[in-house]
Amino acid sequence: MKQPVVAIVGRPNVGKSTILNRLAGKRLALVNDEPGVTRDRIYHSIEHKGFRFTLVDTGGLDLAPSDDPLRTLVEEQSRKAVEEADLILLVVEGTHGPTLGDWRLAEELRSSNKPVLVVVNKLDSVDDFHLAYDFYQLGLGEPIPVSGLYGLNVGYLCDKLVDCLKQNQGEEEGGIAREEAVKVALIGRPNVGKSSLFNRLVGEERAIVSDLPGTTRDAIDTLVRVNDKTYRFVDTAGIRRKTRVRPGLEQYSSMRSFTSIKRSDVVVMVADAQEGITSQDNRLINYIAQRAGKGIVLAANKCDLLDPQVVKTFPPSLLRFIPIILTSARTGFGIASILKNVDMVYSQWRKSIPTPALNSVLREAVSRKALPLYRGKKVRLLYASQVGTSPPRFLFFANYPQGIPLAYRRYLENQLRKEFGFIGSPIWFEFRAQS
Ligand code: GDP
Ligand code: GDP
């Protein structure tokens, strides 16, 4: 079998060469303070815990415009490295949040459909590791804090990297292509009916089911193929062999839930239709939308037990944009809708809005509802563009971004949703200053 290839990319000076040297265990590439010193692609064969892979060093993938002809050449080299890679390490600098360059890189890497690990470098003390969480925003999964300079957490990075490569190989052997599988997590409090729903889903007529190793040793993912579409249900071990839960013990096995959410594209949040949404459910929905940035479908299960005379209401606010399906794992009611809604939300979550369409909605919105003054000055919303998908992310430019109140941001979100939908998907906003 061909030795898998890992490419390291990132803006100049974030510490790619330093990390490469750490991984390779010796001083290999030239490290220099001057941005862009590593000019060419260099290959190193590396072994970690008995697993061999090739590491490619690149000159950095910087998408900022530049007149330097050498820069363009370097970019070309990096793109080639990305094309041939099985896994990409995106190195970013952790001492401040993601820059526009990081966003662009993340976007480009996402469209390459390759697995990516986000390596948050220059966190020279464990106390700073929490800064890595800012990079969840890039939508590329769990960011890994390291200090290339001091070798902090580099062992963990190596473990992750090897896990990821092994998982790829397993998937290729599993026979169902990975690109097309929508990753789905089934989340909810104990006893709401997750296992029962899952069994219904995999028991569907014509469903083809196979198990694959997940990220950690005891995690299992289940690939389910229905109607020519593949769904990857993540971390299904606990769901398949029903874990015993003591009645009354109200808890998600929360770490598990969080990992599953992070690994998914769309979360099917299961609630008991009789109980409605608990505050704990609400917090989790909040996390899924605001922090993890995943699509959400809400299944209100056990609807066979609902008294048809009693109309159940769900708390508004957050749930406004989330599709709610009534299901019954007992009777089979609504089961087919689950995957239909997952498909719909998945495509909404990945949707891109062309800049002109976006700005015409923005102009319209601003003309209908004036912005309040900020310290006696007129606030102007100048321009917006979508800077990412999965979830959709929008960058707004204004002369005084701090002068745009929360209520107005909500208003803008509503206008965008009215026009473009984004059903079941969070949409993220960032406001920047520009005069
Ligand atoms: P590259 O251009 O991305 O390959 O970046 P380099 O590896 O050449 O590193 C650029 C600069 O950042 C050098 O001065 C490194 O010493 C410094 N650097 C790299 N990693 C770290 C780190 O973990 N912590 C700190 N404080 N500095 C680092
Ligand atoms: P989990 O802990 O979320 O995986 O929940 P289970 O799937 O184990 O279901 C908990 C209990 O609810 C079991 O006794 C199921 O038979 C029951 N149950 C699950 N779904 C339904 C449903 O749609 N209707 C009814 N009446 N009972 C259900």
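In the predicted model, Ala357, Leu358, Val361, Leu362, Ala365, Val366 and Arg368 of helix H10 meet Tyr408, Tyr411, Leu412, Gln415, Leu416, Glu419 and Phe420 of helix H11. Classified by residue type, this contact of H10 with H11 comprises eleven nonpolar, one polar and two charged residues. H10 spans residues 355-368 and H11 spans residues 406-420; their axes come within 10 Å and cross at roughly 130°. H10 is therefore oblique to H11, and the crossing of the two helices is right-handed.

H11 also packs on a sheet, where it touches strands S14, S15 and S16. The direction of H11 makes about 125° with that of S16. The sheet itself is open, with three strands in the order S14-S15-S16 and mixed pairing. Strand S14 (381-388) and strand S16 (428-433) stand at the edges, each with a single partner strand, so one side of each has no neighbour in the sheet. Averaged over the sheet, and with direction ignored, neighbouring strands are turned by 25° against each other.

The two pairings of this sheet can be described in turn. S14 and S15 run antiparallel and are joined by six bridges; Tyr383 has Phe397 in S15 as its bridge partner. Strand S15 (residues 393-398) and S16, by contrast, run parallel, again with six bridges between them. Here Ala398 is paired with Ala433 of S16. Helix H3 (residues 100-111) likewise lies across S14, S15 and S16, and runs at about 150° to S15.

A cis peptide bond, with omega about 0°, joins Ser390 to Pro391, and Pro391 is placed in the loop between S14 and S15. A positive phi is also found at Lys122, a residue other than glycine, where the value is near 70°. Lys122 belongs to the loop between S5 and strand S6 (144-145).

A further helix pair is formed by helix H5 (residues 194-202) and helix H9 (residues 335-349), which pack at an angle of about 85° with their axes 10 Å apart. H5 and H9 are therefore roughly perpendicular to each other. Leu197, Arg200 and Leu201 of H5 make the contact with Ile335, Ile338 and Leu339 of H9. By class, the residues in the contact of H5 with H9 are five nonpolar, no polar and one charged.

The average pLDDT is 81, and 78% of the residues score at least 70. Among the elements of the chain, strand S5 (residues 116-121) has the highest mean pLDDT, at 96, whereas helix H2 (residues 69-84) has the lowest, at 62. Where pLDDT is low, the predicted coordinates should not be read in detail.

Note on methods:
Residues numbered from 1 in each chain as written. Chains lettered and ligands numbered in written order. Predicted model: local features only at pLDDT ≥ 70, side-chain atom pairs only at ≥ 80, totals over all residues. Heavy atoms only, no water. pLDDT = per-residue confidence, 0-100. Helix = DSSP H or I, 4+ residues; strand = E, 2+ residues; numbered from the N terminus. Axes fitted to C-alpha atoms, helices over the stretch in contact; angles between N-to-C directions. Parallel < 35°, antiparallel > 145°, perpendicular 65-115°, else oblique. Left-handed = near helix turned anticlockwise from the far one by under 90°. Contact = heavy atoms within 4.5 Å. Nonpolar A, V, L, I, M, F, W, Y, C, P; charged D, E, K, R; others polar. Pairing = 2+ DSSP bridges.
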